[in-house]
Structures are given as C-alpha cells and as structure tokens.
Amino acid sequence: MARRSVGQGWNSRVVGAALAVTVLAGGVSVWTAQAGEATGTAPKAGASARGKAPKAVGVTIAHASDAGSRGVNITIDDGPDPEWTPQVLAVLEENGVKATFCMVGTQAQAHPDLVKKIVAAGHRLCDHTVSHNTAMDKRPEAYQSQQILDAERMITKASGGVRPMYYRAPGGAFTPYSRKLAASRGMRPLGWNVDTKDFERPGTAAIVATVEEELPNGPTLLFHDAGGDRTQTVEALRQVLPELKEEGYSFGFPVR
C-alpha cells in the first residue's frame, strides 16, 4: 500500500498484535535469510506449490502483467478481514477476476479460513510483512528478515501449505536486502502502478476516476480489504472490473 506514517489507528493495532507474536516466536523461526543473488523462475499456473522447496525468482520489483499488453493486475492489501474480504471476493467472483492478496501476517494468522478461501478461489498470495511497518527500509536487516520470513510462515500455515508468491514492502519500503531475501524464498518483489488511494476513503467516484486516469501508468492496481471501512473499495471494484472488460482489458497476475 502507499507509504503513510505508522503509530496511529489500525496500523498501531497491527503493530501491537505483531509484537505479541514476535515475543512468542522471536529467535525460533525455522526460516533463515538467504541473501545471495536470486535467479530463475517459478511455475506460472496456479497457487504456490505445496511441499516443495521454494525456487528463487527475480529480485527486481515487478509491475507488468502476465496477461500481456492489455493485462491488468488487481492487488488487494492489508487483509484478510472478516467483514471486507468476503465482499471483495464476491465481487471478484461475479466478474470472473483473479487477484493477488498481499496479507499482513497477523491478519492471516487470525483468519486462516479466509486465507484458505482465497486460495481455493484461485487467487494468489503475497507477503506484506508481520506488522506493516512503512519504515522497514530504515530498520536493521535482522528486523527486515524477521518481518518477511515470519509473515511467510504465518501465511503458509494459514493457507494449509500454500506459500506466498510475491513480497510487497509496506509503503514500498523495499531495500536491496529485502528484495534479495524475498526472491530467494520464491517471492517476487511486487510494486504497483496505480495507487487508488482507497485507504483514504475519498469516495467511490474518486477511486474509479483514479483508476481511469492512472491506468496508462501501468497495469498493477492497488486496493485494500482491511484497515477500516472498505465500502468504497467494494463499490469501486464493482464498477471498475466490468468497465475494464468492456474497454478490452483482461485480468492476470503480476509477472514472476
């Protein structure tokens, strides 16, 4: 999601929950940092493979769509949330659209039923860290590692064994280290081209207008399914998805 200050509102509650998790899990994570140069590709179809060691992917931040030049990637951040995620899923299903869900680790851990539902519907998972700290790029590498790898563990466990295929830094706070680490775990760093600003609740019409105006910037659209009232997001998706289809766009996933 777009960079914003931490320490107030929903983000503070997430950080508080994450601290509790970290106290319990600190120092015992089974994951280790692999900071070497990542190369290679992963399977294109379906969700992440179960029961196999992750295959390294590219370290550059992905924006393009695997659906080609008229492809659009719908990405949904900060959930899952028991009120808003089911509504987002319903709109996606109505329109036959698959999306990428960038999950906060503590949210995935709290709502494993929703994570499994997302996977069963054919959507992809993305690691959005444990506590959504938008200043991650200013923190030590050990902290970045804990945030990325513990969230990967939480999401994978909640999904029933399906690993995230992407890593999106909160607020775009990537570092060379975090990109290499995520890529070594099979998670392509994921950016965005269109920040719909839906988190600020500017009104459904404003969200739709932002998509229409900024889509020429690139195919990856950023929405949210948590962090507050997401009524405007649901309504905007209900309008945007069929409109994009009518304009000749197709929906895909970010490149791997």
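## Close-up views of a predicted model

**View 1. Gln147 and the residues around this side of helix H5.** Leaving aside neighbours within four places in sequence, Gln147 touches Asp127, Thr129, Val130, Ser131, His132 and Met136. The structure shown here, as in every view that follows, is a predicted model. Gln147 belongs to helix H5, which runs over residues 141-159, and with a relative accessible area of 2% this residue is buried. One of the contacts, Ser131, lies 16 residues away from Gln147 in sequence, while the C-alpha atoms of the two residues are 7.2 Å apart in space.

**View 2. The salt bridge between Glu152 and Arg185.** The side chains of Glu152 and Arg185 form a salt bridge with an N to O distance of 3.1 Å. This pair joins distant parts of the chain, since Glu152 sits in helix H5 and Arg185 in the loop between helix H6 (176-184) and strand E5 (188-189), with 33 residues separating them. Both Glu152 and Arg185 are buried.

**View 3. Phe101 in strand E2.** Phe101 is part of strand E2, made up of residues 100-103, and counts as buried because its relative accessibility is 1%. Once neighbours within four places in sequence are set aside, the contacts of Phe101 include Ile76, Thr85, Val88, Leu89 and Leu92, and also Ile118, His123, Arg124, Leu125, Cys126 and Asp225. Asp77 is 24 residues from Phe101 along the sequence, yet the distance between the two C-alpha atoms is 6.0 Å.

**View 4. Asp198, a buried charge without a salt bridge.** Asp198 is found in the loop that connects strand E6 (194-195) with helix H7 (204-214). Although Asp198 is buried, it has no salt bridge, and the nearest side chain of opposite charge, that of Arg230, is 4.5 Å away. Apart from neighbours within four places in sequence, Asp198 is in contact with Ile207, Leu222, Phe223, His224, Thr233 and Arg230 itself.

**View 5. Asp137 and Lys138.** Asp137 counts as partly exposed at 27% relative accessibility, whereas Lys138, at 65%, counts as exposed.

**View 6. A patch of negative charge on the surface.** Four residues, Glu212, Glu213, Glu246 and Glu247, make up a surface patch of negative charge. Of these, Glu246 is located in helix H8, which covers residues 231-246, and this residue counts as exposed because its relative accessibility is 69%.

Methods:
Residues are numbered from 1 along each chain as its sequence is written. This is a predicted model: local features need pLDDT of at least 70, side-chain atom pairs count only at pLDDT 80 or more; totals for chains, interfaces and linings use all residues. Side-chain values use heavy atoms; hydrogens and water are left out. Helices (H or I, at least four residues) and strands (E, at least two) are DSSP runs, numbered from the N terminus. Buried means under 20% relative accessible area, exposed over 50%, partly exposed in between (1.4 Å probe, protein chains only). Contact means heavy atoms within 4.5 Å. Patches are made of residues with over 30% relative accessible area and no salt bridge: like charges are joined within 9 Å, nonpolar side chains (Val, Leu, Ile, Met, Phe, Trp, Tyr) within 5 Å. Accessible areas come from the Shrake-Rupley method with a 1.4 Å probe; for residues, only the protein chains shown count as cover. Lys and Arg count as positive and Asp and Glu as negative; His and the chain ends are not counted. The place of a charge is taken as NZ of Lys, CZ of Arg, CG of Asp or CD of Glu.
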